[in-house]
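Please keep the 3D view open as you go through the points.

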Amino acid sequence: MVADLCRSVGGAASVVVVDCVFCSIVAGETPADVVLETDELLAFLDRRPVFKGHVLLVPKAHHVTLPDLPAGLRDPFLAAAQRLATAMVEGLGAQGSFVAMNNIVSQSVPHLHCHVVPRTKGDGLRGFFWPRHRYADGEPSAYAARLRAALERG
């Protein structure tokens, strides 16, 4: 499958994956319009934006999903997403933003990335991109109990 390889990224050795487009952007091998860079994170414009200014935030080290992200990167990752959401308003004149991540399902690139998309009222984006469902009587408490049990185990 895909081979792991260590490279110097941002002054420190980080695990990157060969044939991962985001690792290639981090390594400077694939051009991108960089918006924010720290020692651990990189944010750049999405090449196929939902709206102009749509940014992807990635950890420089290759992590596939949010559960894979090391504890030490959680706060910096979320802080960078907050900064980008603020920049959508202050820098682009957006009224707000849409912030989202997919884990495995609908994840177009298997490298953790957070979408920060500028939003304005009447921009045509309606709610979530998938159908909504209703719970049957008694189901909400059963689902909540199953999730609580999984959280207690983990």
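There are zero disulfides in this structure, which is a predicted model. C20 is in no disulfide, and the nearest cysteine sulfur, that of C23, is 3.8 Å away. For a disulfide, the two sulfur atoms would have to lie within 2.5 Å of each other. C20 is buried, with a relative accessible area of 8%.

**Overall layout**

- The protein has three helices and seven strands, and along the sequence they follow the pattern β-β-α-β-β-β-α-β-β-α.
- Of its 154 residues, 34% count as buried.
- Take the contacts between residues at least 6 apart in sequence: 49% of them join residues at least 24 apart.

**The sheet**

- Which strands form the open sheet, and in what order? Five strands do so, in the order β3-β4-β5-β7-β6, and the pairing is antiparallel.
- β3 and β6 (96–100) stand at the edges with a single partner strand each, so one side of each has no neighbour in the sheet.
- From one strand to the next, the twist averages 20 degrees.
- β3 and β4 are joined by three bridges in the antiparallel sense, and here V34 stands opposite F44 in β4.
- β5 and β7 also pair in the antiparallel sense, over three bridges, with V55 opposite V116 in β7.
- β6 and β7 run antiparallel and are joined by five bridges; the partner of G96 in β7 is R119.
- Is β7 enclosed or open? Five of its six residues are buried, so β7 is largely enclosed by the rest of the structure.

**Nonpolar cores**

- The largest nonpolar core has 17 residues, and the members that touch the most others are A43, L57, F77, L84, C114 and V116.
- Two or more residues of this core come from each of β4 (41–45), β5 (55–59), α2 (71–92) and β7 (114–119).
- Which element gives the most to this core? That is α2, with seven residues.
- In soluble globular proteins, nonpolar side chains tend to be buried together.

**Salt bridges**

- How many salt bridges does the structure hold? There are two.
- One joins E37 and K60, whose closest N and O atoms are 2.8 Å apart.
- E37 lies in strand β3 (residues 34–37) and K60 in the loop between β5 and α2, so this pair ties together parts that are 23 residues apart in sequence.
- Is K60 buried or exposed? K60 is buried, with a relative accessible area of 3%.
- The other pairs D123 with R119, and the closest N and O atoms there are 2.6 Å apart.
- D123 is buried too, at a relative accessible area of 18%, where the cut-off for buried is under 20%.
- R119 takes part in two of the features described here, as the salt-bridge partner of D123 and as the bridge partner of G96 in the sheet.
- In general, side chains of opposite charge can pair when their charged atoms come close.

**Loop residues with positive phi**

- Most residues other than glycine have a negative phi.
- D19 has a positive phi, near 75 degrees, and is not a glycine.
- Where is D19? It lies in the loop between β2 (12–17) and α1 (21–26), and D19 is exposed, with a relative accessible area of 76%.
- S106 is not a glycine either, yet its phi is positive, at about 65 degrees.
- S106 sits in the loop between β6 and β7 and counts as exposed at 59% relative accessibility.

Notes
Residues numbered from 1 in each chain as written. Predicted model: local features only at pLDDT ≥ 70, side-chain atom pairs only at ≥ 80, totals over all residues. Heavy atoms only, no water. Core = buried A, V, L, I, M, F, W, Y, C linked by side-chain atoms within 4.5 Å. Buried < 20%, exposed > 50% of the residue type's maximum accessible area, 1.4 Å probe, protein only. Helix = DSSP H or I, 4+ residues; strand = E, 2+ residues; numbered from the N terminus. Salt bridge = Lys/Arg side-chain N within 4 Å of Asp/Glu carboxyl O. Pairing = 2+ DSSP bridges. Axes fitted to C-alpha atoms, helices over the stretch in contact; angles between N-to-C directions. Contact = heavy atoms within 4.5 Å.
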